[in-house]
Amino acid sequence: MNSDDIERLFQAFATKDERLFQQVAQEIIEHEEQLNHHLVAIKLRKIIKDQFKDQSKYQSTLSFRTQPIPRDNEKGFPLLEIKKPFSDWSDLIISQEVEERLREIPLEIKNKDILSNYGLKPKNKLLFYGPPGTGKTLSAKVLSSAIGYPLLVVKFESLISSFLGETAANIRKVFDYIESGRWVVLFDEFDIIGKKRDDPTEHGEIKRVVNNFMLMLEDYQGESVLIAATNHPQLLDSGVWRRFDDIIQFELPNTESRIRLYEKKMSVIPRDTTIDFASFANQSNNFSGSDIEQVANRAMKNTLLDKRKRVTKDDIERAIIRQKEMISIREKV
Ligand SMILES: Nc1ncnc2c1ncn2[C@@H]1O[C@H](COP(=O)(O)OP(=O)(O)OP(=O)(O)O)[C@@H](O)[C@H]1O
Ligand SMILES: [Mg+2]
């Protein structure tokens, strides 16, 4: 830890600036990892994770969050959810190119004063698109931790009200809430906009949602990072695309990434020395990161419930077959 980090940690403590603390903690952990001090990094990460696991504890310490969570007038449910993830770059297994693009966001925010001297602003309106289970939500979590802004998750579906005019009011409420702090905001299921546009009964209201949301997005001048995520980019029209500062495509993992995913997701339990993840990666061509996580979880559970200490080749092979069945069912619906 250098003297700059120590000073920033003290500053975070003195001013109760949790965002700054998280940011410095994250940087220290990454630095320890680069030095191959993995044990120290694991211990530090665990301390932070345990601390922030209890969300209510976290929320009570948030000094700037004074507004109540906005709710839909008609149904009364919350329009957004606050999360406090502690995920870091090592949790995310994606192509180098995508990782570099994502890392630009905290880097620009960190250097926002330098940028502003030249009339420039960090990019903060992003579109993530790609198949389910490829790490879009996880990336939003990693960004939230790396930047030190809490994560706000807004499900598009929940904004859409059956009462005329209420949808626009909901979007307004969400943006008003965003103004109350600095957040990473994930607008999830953004494709609902496109999907419902074909439905004649929804047509008018959906059009209003799109226009409304886009205007609010365009007008937004604050420091929060706004991310819209979709599985179906083809449903969005060209007017939508140009409103974003960056558009990031998430793809199914290639062979090398699948090997890394298997290693990562099974790292918590010993395995037979004969296990070769390359061969499993070859057997799981069209698997997403989430599919591989499910294979790993199933294989590990099988091992534990059998009261064995090590995962075997057979555990993984059986789990892969199960996952293939699940994928084929998923593809049929
Ligand atoms: N690239 C990845 N690296 C590491 N883990 C991944 C990756 N992709 C998916 N996963 C695992 O799968 C789970 C689901 O991923 P995530 O929620 O990020 O997918 P998504 O792209 O947001 O999917 P959806 O479009 O369905 O919302 C994650 O919690 C994570 O554990
Ligand atoms: Mg998601």
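1. Four bridges join strand β2 (residues 125-129) to β6, and the two run parallel. Strands here are DSSP runs of E with at least two residues, helices are runs of H or I with at least four, and both are numbered from the N terminus. Two strands pair if DSSP finds at least two bridges between them.

2. Before going further, please keep in mind that this is a predicted model, in which local features need pLDDT of at least 70 and side-chain atom pairs count only at pLDDT 80 or more, while totals for chains, interfaces and linings use all residues. Residues are numbered from 1 along each chain as its sequence is written, chains are lettered from A and ligands numbered from 1 in the order in which they are written, and side-chain values use heavy atoms, with hydrogens and water left out.

3. Back to β6, which spans residues 246-249. Asp 246 and Ile 248 form its covered face, whereas Ile 247 and Gln 249 are on the uncovered one. In a regular strand the side chains alternate between the two faces of the sheet.

4. Strand β2 also pairs with β5, through five bridges and again in parallel. Tyr 129 has Thr 230 as its bridge partner in β5. Strand β4 (residues 184-188) runs parallel to β5 as well, joined by four bridges, and Phe 187 stands opposite Ala 228.

5. How many residues of β5 (residues 225-230) are buried? Six of its six are, where buried means under 20% relative accessible area, exposed over 50%, and partly exposed in between (1.4 Å probe, protein chains only). Val 225, Ile 227 and Ala 229 point one way, Leu 226, Ala 228 and Thr 230 the other, and all are buried.

6. Now to the ligand site. Ligand 1 has 17 residues around it, and those that come nearest are Ile 93, Gly 133, Lys 136, Asn 231 and Glu 293; a residue is near a molecule if one of its heavy atoms lies within 4 Å of it. Helices α7 (136-147), α13 (255-265) and α15 (289-305) each give at least two residues to this shell.

7. A polar side-chain atom of Lys 265 lies 3.0 Å from a nitrogen atom of ligand 1. Taken alone the ligand exposes 630 Å², and the protein buries 79% of that; these areas come from the Shrake-Rupley method with a 1.4 Å probe.

8. Asn 36, between α2 (18-34) and α3 (38-53), has a phi near 65°, a positive value in a residue other than glycine. Asn 36 is exposed, with a relative accessible area of 57%. Lys 307, between α15 and α16 (313-332), likewise has a positive phi, near 60°, and counts as exposed at 75% relative accessibility.

9. A polar atom of the Ser 284 side chain lies 2.6 Å from the backbone oxygen of Phe 280. For such a contact within protein, one atom must be able to donate a hydrogen and the other to accept it, and residues adjacent in sequence count only if both atoms are side-chain atoms.

Methods:
Polar contact = N/O pair within 3.5 Å; in protein donor to acceptor, adjacent residues only side chain to side chain.
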